[in-house]
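The sequence and structure come first.

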Amino acid sequence: MNAVVSLFIENLTPKVKDTLVGTAKLVIENEGSVMLNNKGAYAGDEDADVVLLAPESIFRAILDGSQNPAMAYMSGKLKVEGSSMRALKVSEILTSQN
């Protein structure tokens, strides 16, 4: 597992633990994948209810609040595979300040 994936796991685990219903996967272009579920975040490339794909810079901007996930999606910076409603819920969790 590379340093970028490790950093995302560290930052995302407290956000998703006990808040996420189902599974989500963040595919960080050229870095790897982070799986999310109600237990936290971990490195993996499993099937998920929703998949979000973007470069590392976009995910970082979403996490720090400088990029609105819906705007990233509408502008093509963030791609979604699966339910857009579930993607919105995952986005809300990612942008939460906890």
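Lysine 25 and aspartate 45 join their side chains in a salt bridge, with N to O at 2.7 Å. The pair links distant parts of the chain, 20 residues apart: lysine 25 belongs to strand β1, and aspartate 45 to the loop between β3 (40-43) and β4 (50-54). The model is predicted. Lysine 25 is buried, its relative accessible area being 11%, a value under the 20% limit for that class. Aspartate 45, at 60% relative accessibility, counts as exposed.

The structure holds 4 salt bridges. Among them are the following.

| Salt bridge | N to O distance |
|---|---|
| Lysine 25 and aspartate 45 | 2.7 Å |
| Aspartate 49 and arginine 86 | 3.7 Å |
| Lysine 89 and glutamate 92 | 3.7 Å |

The side chains of aspartate 49 and arginine 86 meet at 3.7 Å, N to O. This pair also links distant parts of the chain, with aspartate 49 in the loop between β3 and β4 and arginine 86 in helix α4 (residues 84-95), 37 residues apart. Both partners count as partly exposed: aspartate 49 has 39% relative accessibility, and arginine 86 has 29%.

The salt bridge of lysine 89 with glutamate 92 has its closest N and O atoms 3.7 Å apart. How far apart are lysine 89 and glutamate 92 in helix α4? They are 3 residues apart, so about one helical turn separates them. Lysine 89 is partly exposed at 43% relative accessibility, and glutamate 92 is partly exposed with a relative accessible area of 49%.

Most residues other than glycine have a negative phi. Aspartate 18, however, has a phi near 65°, a positive value. Aspartate 18 sits in the loop between α1 (3-16) and β1 (24-28), and counts as exposed with 65% relative accessibility. For asparagine 30, phi is likewise positive, near 65°. Asparagine 30 is placed in the loop between β1 and β2 (32-37). Is asparagine 30 buried or exposed? At 80% relative accessibility, asparagine 30 counts as exposed.

The surface also carries a nonpolar patch. Which residues make this patch of about 360 Å²? Met71, Tyr73 and Met74 do. Tyrosine 73 lies in helix α3, which spans residues 69-74.

Notes
Residues numbered from 1 in each chain as written. Predicted model: local features only at pLDDT ≥ 70, side-chain atom pairs only at ≥ 80, totals over all residues. Heavy atoms only, no water. Patch = residues over 30% accessible without salt bridge, like charges linked within 9 Å, V, L, I, M, F, W, Y side chains within 5 Å. Areas by Shrake-Rupley, 256 points an atom, 1.4 Å probe, with all protein chains shown as cover. Helix = DSSP H or I, 4+ residues; strand = E, 2+ residues; numbered from the N terminus. Buried < 20%, exposed > 50% of the residue type's maximum accessible area, 1.4 Å probe, protein only.
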